[in-house]
Amino acid sequence: MNNIPFISIILAMIGSIVALLLGKKPKTALAMTQIILVAIAAMSGMMIPYFLQNGGTITYTLGHFPAPWGNELRFGLLEAILACVFAAVVFLAIIGGKNGIKEDIQSAKQNCYCSLLLLLMLSLLALIYTNDIFTAYVFIEINTIASCGIVMVKESGETLKATIKYLFMSLMASGLFLISIALLYSVTGHLLIPQMSEAIAHLTASGTYIWPLMAAAIMITVSLGVKSAMFPFHTWLPDAHSTATTTSSSILSGVVVKGYIILLIKIYYRVFGIETIRGMGLLHVVFALGIIGMIMGSIFAIREKNLKRMIAYSSVAQIGYIYAGIGVGTWAGLSAALFHMIIHAFTKPLLFSSAGGLIEVSGHSKMIEDMQGAARRNRWAGIGFVIGACSMVGVPLFGGFTSKVYLAMSGQDKSIIFILALALSSCLNAIYYLPVALKIWTKRTEESTAAAEGDVAPADYAVSIGCFSAINIALGVGGFLLVYMLTQGVQIL
Amino acid sequence: MNLFNNYYELAAVILFAIGLLLLLLQRNLIKKIIGLNIMDTSVFLFLAAKGYIAGAMSPIIRDGQTDASLYINPLPSGLVLTGIVVAVSTTAFALALALRWYQQYHTLDIDGVVLKNVLKGEK
């Protein structure tokens with residue numbers, strides 16, 4: 001049990017190197033990537049029952065130096081659930097976008113793509129597990145380069161522009177993160193999270209170095225906010241997520257932005273302590289930005305005529321929900337935010353995979369107006385899109401409904417604003433998702449012969465859409481079980 | 001004033017601000033990348049200044065003296081080293097993208113007048 005996180009990180013690392021050597025066998029590389037991802041998901045899944053029974057956390061020392069100097073991994077129930085979810089989502093996103101990978105990426109570069117995907121997985125795992133703030137910085141950079149890489153791999157003018165925008169926004173954020181680590185190190189003298197938080201507790205109790213601490217907290221919030229597309233910093237997201245190939249879009253919106261949010265949660269709760277953050281007033285800011293994001297993201301999405309950009313803007317709104325949940329600042333709010341994060345991690349890749357399928361059968365046009373009747377030509381994509389849309393709008397029995405209920409219940413003193421914003425945002429979601437869902441199922445009047453193109457969905461595409469949809473409905477019906485586990489999980493923060 | 005005694009930190013923060021503004025406001029990709037490097041280097045200056053103790057030796061045990069107070073703090077140097085590796089790799093990636101951009105549009109300008117003229121010319 002102690003070794004699983006380390007083994008899964010190393011496994012992804014070795015896999016990414018081996019994938020580079022498989023230049024002539026892209027299919028083998030892709031198969032190996034999938035096997036490794038399934039293995040990581042299964043191993044992390046094995047930890048869940050163990051931690052449910054025994055509770056607590058395990059600290060794993062790397063190298064031969066003990067606590068105040070060495071490097072550590074720390075994990076418990078929450079980390080196990082998140083690692084399992086992330087690996088599963090990346091795996092399903094790969095099999096859901098296989099057609100896209102074949103079409104968008106030159107076959108000589110497909111192995112590099114696999115390598116990038118595994119690097120991304122590795123950095124996400126490291127961000128989840130690490131107990132050392134500087135290690136987190138290093139893996140943030142690996143994550144940034146890998147995620148820019150998976151956007152860039154579909155080589156076209158628009159991905160180039162999107163990648164450059166994404167890269168420079170991310171690098172600015174990394175710079176802010178690095179200087180805030182330097183500030184924190186200079187006032188606390190530690191890099192490991194437990195020692196650092198002890199030192200910060202002393203400092204806040206004695207009232208010294210309040211300004212450097214506050215500056216560091218603000219800069220970390222801004223930097224991780226930029227990387228996870230918090231509302232005013234979301235400008236890179238629609239371009240990067242909509243121009244990339246289907247698998248990349250799914251992974252970027254499903255898991256990559258979540259990795260940074262989890263790091264931010266860890267820094268709030270484990271480094272500063274939530275009371276210190278509350279005292280600085282940052283929680284109100286995060287809550288307000290979340291609420292504004294919820295509404296503005298949906299308004300931007302309504303104006304979009306391009307299906308993938310519409311789904312991408314919807315991510316801005318969904319990330320707003322997550323930040324609003326965090327901004328409530330209670331355990332209930334936090335576990336509702338984490339629950340919404342997991343729902344979104346399963347829903348957004350479903351929508352992107354379906355959109356990929358719909359685009360394939362609509363003459364490769366991303367415009368919504370060209371999609372009439374597309375669902376009749378690719379039924380799995382049509383079903384997936386409807387389920388995803390229902391979940392995002394918040395129709396009962398689908399995942400999104402359950403998480404919105406939990407978010408609304410967690411509101412406490414902020415609850416009236418929160419519930420109003422949730423209701424407004426859900427209506428806005430319905431305004432842009434439902435017309436599309438209707439349009440793709442409406443028969444084209446002029447040419448009923450278009451059905452001759454037939455049902456092109458390959459078997460693994462159906463598996464991916466089927467799994468995502470099933471998980472969505474399962475979480476919608478049995479979400480309280482996961483919320484129970486998450487409420488247990490957040491206790492270890 | 002405390003500020004003037006900590007002139008290394010002051011210089012680092014000023015450099016960081018210069019780098020950040022270059023990265024945000026410049027339209028030329030190479031200037032953006034230079035800004036990125038100034039920003040990263042300013043953090044290295046900050047860390048190196050934090051690790052330095054006046055009059056102490058570099059952290060390699062000399063003449064069997066193991067008293068920690070004789071040496072400077074080695075950890076920030078290690079962080080700077082890691083940071084340099086990270087900065088080099090991100091710079092290399094950014095430069096590769098800039099090269100690709102130049103090959104495609106024959107300008108390094110990313111959203112200004114020059115690019116618009118190039119795009120108009122293509123149409």
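1. A word on terms before anything else: two residues are in contact if their C-beta atoms, placed from the backbone, lie within 7 Å. On that basis, 18 residues of chain A touch 25 residues of chain B. Keep in mind that this is a predicted model, where local features need pLDDT of at least 70 and side-chain atom pairs count only at pLDDT 80 or more, while totals for chains, interfaces and linings use all residues. Residues are numbered from 1 along each chain as its sequence is written, and chains are lettered from A and ligands numbered from 1 in the order in which they are written.

2. H7(A) has the largest share, with 13 residues. By class, this side has 13 nonpolar, 4 polar and 1 charged residues (Ala, Val, Leu, Ile, Met, Phe, Trp, Tyr, Cys and Pro count as nonpolar, Asp, Glu, Lys and Arg as charged, and the others, Gly among them, as polar).

3. Have a look at H6(A) against helix H4 (residues 74-105) of chain B: the angle is about 10° and the axes are 11 Å apart. Axes are lines fitted to C-alpha atoms, for helices over the stretch in contact, and angles run from 0 to 180 degrees between N-to-C directions. That makes H6(A) roughly parallel to H4(B) (the label covers angles under 35 degrees). From H6(A), Phe134(A), Val138(A), Glu141(A), Ile145(A) and Cys148(A) meet H4(B) residues including Leu79(B), Val86(B) and Phe93(B). The contact splits into 7 nonpolar, 3 polar and 1 charged residues.

4. Within chain A, there are two domains, 1-266 and 281-493, with bounds from an automatic or database domain assignment.

5. Overall, chain A has 20 helices and 2 strands. Its C-alpha atoms fill a box of roughly 75 × 55 × 45 Å along the principal axes. Of the contacts in chain A between residues at least 6 apart in sequence, 79% join residues at least 24 apart.

Notes: Helices (H or I, at least four residues) and strands (E, at least two) are DSSP runs, numbered from the N terminus. Angles under 35 degrees count as roughly parallel, over 145 as roughly antiparallel, 65 to 115 as roughly perpendicular and the rest as oblique.
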